[in-house]
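Here is my note on the structure you sent. Please read it with the model open beside you.

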Amino acid sequence: MSNDDTKAAESNVDTSQSDLKHQYRSMNLEQLKALMNDSTVSKNQKKKIKKQIQWMESVDGRKDRRKEKRKQRALKKKHLFEEHEKDASVELPPKPKKPRKEKISTTLGFSEHVHVAVDLSFDEYMTNHDLSKLRKQLGWCYQENRRCAKPVQYHICGLSDRMKGDMDQSYINWDVHFDLPLYEQFKKEDLVYLSSESPDVLEMVEAGKVYVIGGLVDHNRHKGLTHRIASEHGLIAKRLPLEEHIDMKTRKVLTVNHVFNCIVAFCELQDWKQALMRAIPARKGALPLQCET
Ligand SMILES: C[S@@+](CC[C@H](N)C(=O)[O-])C[C@H]1O[C@@H](n2cnc3c(N)ncnc32)[C@H](O)[C@@H]1O
């Protein structure tokens with residue numbers, strides 16, 4: 001076997017093992033326990049199954065810990081307010097931003113607005129667990145758009161029945177565009193596909209353009225997928241200017257909602273460094289670059 005063949009075989013094993021891991025996540029406890037007694041399942045896979053069983057069995061403990069944390073936060077807040085009453089120099093926590101009441105979505109004046117579309121054509125690449133994460137991310141984008149200073153026209157393109165299935169039913173009233181699949185809804189020349197794999201950098205965010213985010217939660221199992229698909233459709237693809245403006249400890253593939261936040265933050269601030277620092281969570285360890293390239 002050549003070196004290349006060996007690498008290919010190893011990568012196939014990796015992919016199928018990670019697929020299996022994701023299959024376990026969509027199984028229930030009984031199914032997983034049955035697998036533990038299955039002599040055809042390898043030791044290595046059993047280790048993974050055992051981990052998943054432990055995770056599922058500790059659900060109650062995690063709920064209790066979250067409840068306790070909420071209680072502690074409420075107590076801390078109460079304490080701060082009491083201190084502030086006694087001494088006005090004690091700072092209160094910032095008030096949460098209220099969602100705006102006026103309607104954002106409009107079908108008028110396409111070229112006057114910045115559009116951000118999430119392309120939901122990747123169902124087949126996601127497990128049920130991934131899909132439920134994506135549902136949450138779509139909701140966080142919605143909340144961000146309702147609260148930010150410069151909202152965009154938010155399009156959700158090609159919502160499938162599988163995706164709708166477990167969606168919190170309040171989504172029906174969201175102030176967003178529920179559109180046809182991406183390529184049926186928009187003209188190709190209006191689309192800019194966002195992809196971390198693109199060699200081209202997104203410099204500006206312009207009105208009249210549709211910035212497309214791949215609706216994909218894949219823990220990098222499908223590296224480069226959206227870039228490949230954008231190229232196949234002959235679309236312009238651009239990456240966020242992360243390495244030009246910030247120093248990041250973790251990898252440069254962001255989640256759907258963080259990419260969305262980067263775009264709306266840029267619309268408001270018109271400055272990438274500030275926008276990225278605001279939109280990317282502190283746990284990603286992003287620091288502003290001193291010298292820009
Ligand atoms: C979790 S990523 C999916 C990664 C996936 N392997 C892929 O092929 O794109 C979700 C989406 O966010 C966007 N995205 C993530 N990081 C980005 C970056 N650094 N620059 C531009 N777009 C990014 C892309 O549209 C991507 O499809």
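Predicted model: local features only at pLDDT ≥ 70, side-chain atom pairs only at ≥ 80, totals over all residues.

The points below go from the whole chain to single residues.

1. Of the 293 residues, 25% count as buried. Take the contacts between residues at least 6 apart in sequence: 72% of them join residues at least 24 apart.

2. **Strand E1.** How many residues of E1 are buried? The count is 5 of 5, so the strand is largely enclosed by the rest of the structure. Burial covers both faces of E1. His115, Ala117 and Asp119 make up one side. Val116 and Val118 make up the other. Note that a histidine and an aspartate are among these buried residues.

3. **Strand E2, the partner of E1.** E1 and E2 pair in the parallel sense, over 5 bridges. His115 is bridged to Gln153 of E2. Ala117 is bridged to His155 of E2. E2 is also largely enclosed by the rest of the structure, because 5 of its 5 residues are buried. Gln153, His155 and Cys157 lie on one side, and Tyr154 and Ile156 on the other.

4. Thr106 sits in the loop between H4 and E1. Is Thr106 buried or exposed? Thr106 counts as exposed, because it has 12 C-beta neighbours inside 10 Å. A residue is exposed at 12 or fewer. Gln153 is 47 residues away from Thr106 along the chain, yet their C-alpha atoms are separated by 7.5 Å. Gln153 itself is buried.

5. **Helix H4.** H4 covers residues 59-86, which is 28 residues. The distance from its first C-alpha to its last is 41 Å, close to the 40 Å expected at 1.5 Å a residue. How many of its residues are buried? The count is 0, and H4 is hardly covered.

6. **Helix H5.** H5 has 20 residues, 128-147. Its end C-alpha atoms are 29 Å apart, which agrees with the 28 Å that it should span at 1.5 Å a residue. Which residues of H5 are buried? They are Asp130, Leu131, Leu134, Gln137, Leu138, Cys141, Tyr142, Glu144 and Asn145. They cover an arc of only 165° around the axis, which puts them on the same side of H5. What do they pack against? Their partners are strands E1 (115-119) and E2 (153-157), along with helices H6 (161-165) and H10 (256-269).

7. **Strand E4 and its two neighbours.** E4 runs over residues 191-194, and both of its faces are covered. Leu191 and Tyr193 are buried on one side, Val192 and Leu194 on the other. E4 pairs with E5 (residues 210-214) in the parallel sense over 3 bridges. Within that pair, Val192 is bridged to Tyr211. E4 is also joined to E6 (residues 236-238) by 3 bridges, and these two strands run parallel. Here Leu194 stands opposite Lys238.

8. **The ligand shell.** There are 22 residues around the ligand. Which come nearest? Leu194, Ser196, Gly214, Leu225 and Thr226 do. The elements giving two or more residues to the shell are E5, H8 (225-232) and H10. By class, the shell has 10 nonpolar, 8 polar and 4 charged residues.

9. **Two backbone angles to check by eye.** Most residues other than glycine have a negative phi. His219 has a positive phi, near 50°. His219 is found in the loop between E5 and H8. Gln270 also has a positive phi, near 55°. Gln270 lies in the loop between H10 and H11 (272-279). Are these residues buried or exposed? His219 counts as exposed, because it has 12 C-beta neighbours inside 10 Å. Gln270 counts as exposed on a count of 12 C-beta neighbours inside 10 Å.

Definitions and conventions:
Residues numbered from 1 in each chain as written. Helix = DSSP H or I, 4+ residues; strand = E, 2+ residues; numbered from the N terminus. Expected span 1.5 Å × (residues − 1). Buried ≥ 20, exposed ≤ 12 C-beta atoms within 10 Å, placed from the backbone. Arc of directions from axis to C-beta. Contact = placed C-beta atoms within 7 Å. Pairing = 2+ DSSP bridges. Near = placed C-beta within 6 Å. Nonpolar A, V, L, I, M, F, W, Y, C, P; charged D, E, K, R; others polar.
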